Structures are given as C-alpha cells and as structure tokens.
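Hi,

Here is the structure I said I would pass on. Have a look at it first, and then read my notes below.

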Amino acid sequence: MLNLVLFGPPGAGKGTQSQKLIEKYQLVHLSTGDILRSEIANGTELGLEAKKLMDQGILVPDEVVIGMISNKLDSNKEANGFIFDGFPRTVAQAEALDALMISKNTAISGMVALDVDSEELQNRLLLRGKDSGRPDDANPDIIRRRIEEYNNKTAPVANFYKAQGKYYSINGIGSIDEIFTEISKIVDGL
Ligand code: AP5
C-alpha cells in the first residue's frame, strides 16, 4: 500500500495536489478539513461544535479527527492506499495514525511537505476567500491565526517523520504542474 501524508501550512496547495495524486496513483483522499466541512453542511452535532473552532482558525480536538480518520480507514478496506491531507496536524495525531496503520498491517510510506512562505499563503487564501465561501478565508486575522496554529502545533509533526526517515520537502511555489512533477518523483521512489 502507498500511504502518503501531504503536509504544509494552510494554503500550501495540499488539496490542489491531492486531486492530481489520487488520479495518478489511484489512492483514496482523506482530508480532515473536507470531512469536517461535510459534517457542518449536514448540520451534525460534531459539525456544529467543530465550526465554532474552524471559523476562528483554531484546530479541533485530536480525538475528534482521530475518530473520523479511523472510521474512514474502516470504510475503505479495499483501497490501494491513502493520501492524508491536513492530517496529522499534531504529534498526538501522528502517533495515533501510526497505531492505526499498524492495526491494519500497513505503514505510512512517506510525508511530502510543501514549503511556502507566509506572505504567499496570505495572498493565496485572501484571493480564494472572495469566492470560496469558507469563513476561515474571509479575513487576514483568521488566516494569521491558522498560520500561527500551524507553526505552534503542526510544524513539529515534521520531526516525527524525520526521525523515521520518511520526510521529504519540496518548494511549494511555482506552477501546479511543476510542483506535481516534483511530488511524483518522490512518490515514485517510495
Ligand atoms: P483544512 O481544510 O485542512 O485547511 P488548511 O490546512 O487550512 O488548508 P487549505 O485547505 O486552506 O489549503 P491547502 O494547503 O489544501 O491549499 P489548497 O490546495 O486549498 O482545515 C480547515 C480547518 O479545519 C482547520 O483550521 C481546523 O480548524 C480544522 N481541521 C482540519 N483538519 C484538522 C486536524 N487534523 N486537526 C484539527 N483540526 C483540523 O490551495 C489554497 C489556494 O491556493 C487555492 O486557491 C489554490 O487554487 C491556490 N494554489 C494552490 N497551489 C498553488 C500554486 N502552486 N500557486 C498559486 N496558487 C496555488
């Protein structure tokens, strides 16, 4: 199985590149942000609770997203592999993902981190905010909070995969196709 963690700050291009990767490698895309937004759209209790935090740019609790990923792994037993997009976002989530992978007799193949500076992230998300309908793209203060959450809680997850020799980093600035070519080179080597 090919199990890839696509990593990077908000607006780095994880969702954009995931769409291309699932097509090329026939993987199942698991985006915790998308799953949470679908809970919100369906008006579930989980969605209503998560929305309060997401609209402020704050991470939802680990146990909520770990439970969601566990359910998705169980309901996709025939998959060739997975792309984890926006998960794991804390070291506790990374540890839980390793345990889930072991329980399924598989492992994370590698983490690919997209490196993009804060100014570019702000510009991309503000530009998208005009028509995405995402409340967390709507103003610069919330975008700054999301980037702060990433720097404080998520960036350390890179060390977790570095320690396992599974960390790969690429420049996330450039054309979407150029970046995809670089990611594919890494994935082909895994
Ligand atoms: P989530 O939905 O995961 O959002 P995010 O990580 O903040 O990232 P985005 O989806 O905004 O960015 P992306 O890197 O996917 O970039 P994209 O391809 O869209 O999370 C939202 C919230 O949910 C969190 O704040 C948190 O509250 C909660 N949450 C989710 N997961 C959680 C977890 N595991 N634990 C706890 N809480 C969790 O691209 C962005 C824009 O840039 C687009 O407009 C795109 O067209 C453009 N773009 C892409 N590539 C390029 C390029 N190469 N050049 C120029 N523009 C580009």
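Let me start with a question: which residues does Leu-6 touch, not counting residues up to four places away in sequence? The contacts are Lys-14, Gln-17, Ser-18, Ile-83, Phe-84, Asp-85 and Val-112. Leu-6 itself belongs to strand β1, which covers residues 2-7. It counts as buried because 24 other C-beta atoms lie within 10 Å of its own. There is also a distance to look at here: Leu-6 and Ser-31 are 25 residues apart along the chain, and their C-alpha atoms are separated by 9.8 Å.

Before you go further, please keep in mind that this is a predicted model. The mean pLDDT of the chain is 96, and 100% of its residues reach 70 or more. For the complex, the predictor gives an ipTM of 0.97 and a pTM of 0.97.

Now the chain as a whole. You will find nine helices and five strands in it. Read from the N terminus, the order of elements is β-α-β-α-α-α-β-α-β-α-α-α-β-α. The radius of gyration is 16 Å, which agrees with the value near 16 Å that a compact globule of 190 residues would have. Taken along the principal axes, the box filled by the C-alpha atoms is roughly 40 × 40 × 30 Å. As for burial, 33% of the 190 residues count as buried. Among contacts with a separation of 6 or more, 76% come from residues 24 or more positions apart.

Next, the ligand. There are 28 residues around it, and the ones that come nearest are Pro-10, Gly-15, Thr-16, Gly-33 and Gly-86. The elements that give two or more residues to this shell are α1 (14-25), α2, α3 (45-54), α6 (118-132) and α9 (176-189). Sorted by class, the shell has twelve nonpolar, ten polar and six charged residues.

Two of them I followed up, starting with Thr-32:

- Thr-32 sits in helix α2, residues 32-41. Its 23 C-beta neighbours inside 10 Å are why Thr-32 counts as buried. Leaving out residues up to four places away in sequence, Thr-32 touches Val-65, Met-68, Ile-69, Gly-86 and Phe-87.
- Gly-86 is in the loop between β3 (81-85) and α5 (91-103). It counts as buried too, with 22 C-beta neighbours inside 10 Å. With the sequence neighbours up to four places away left out, Gly-86 touches Lys-14, Ser-31, Thr-32 and Gly-33.

The unreviewed UniProt entry also lists Gly-11, Ala-12, Gly-13, Lys-14, Gly-15, Thr-16, Arg-128 and Gly-174 under "binding site". Thr-16 has its place in helix α1, and with 18 other C-beta atoms within 10 Å it is partly exposed. Gly-174, on the other hand, is in the loop between β5 (167-171) and α9. Is Gly-174 buried or exposed? It is exposed, because 12 other C-beta atoms lie within 10 Å.

Last, a few backbone details. Most residues other than glycine have a negative phi, and most peptide bonds are trans. Against that background, these spots are worth a look on your screen:

- The peptide bond from Phe-87 to Pro-88 is cis, with omega near 0°.
- Gln-26 is not a glycine, yet its phi is positive, about 55°. You will find Gln-26 in the loop between α1 and β2 (28-31), where it is exposed, with 11 other C-beta atoms within 10 Å.
- Asn-105 has a positive phi as well, near 55°. Its place is the loop between α5 and β4 (110-115), and Asn-105 is exposed, with 7 other C-beta atoms within 10 Å.

That is all from me for now.

Cheers

Note on methods
Residues numbered from 1 in each chain as written. Predicted model: local features only at pLDDT ≥ 70, side-chain atom pairs only at ≥ 80, totals over all residues. Helix = DSSP H or I, 4+ residues; strand = E, 2+ residues; numbered from the N terminus. Buried ≥ 20, exposed ≤ 12 C-beta atoms within 10 Å, placed from the backbone. Contact = placed C-beta atoms within 7 Å. Near = placed C-beta within 6 Å. Nonpolar A, V, L, I, M, F, W, Y, C, P; charged D, E, K, R; others polar. Rg over C-alpha atoms; globule rule 2.2 N^0.38 Å. pLDDT = per-residue confidence, 0-100. UniProt positions renumbered as here; feature names shortened; annotations may be inferred.
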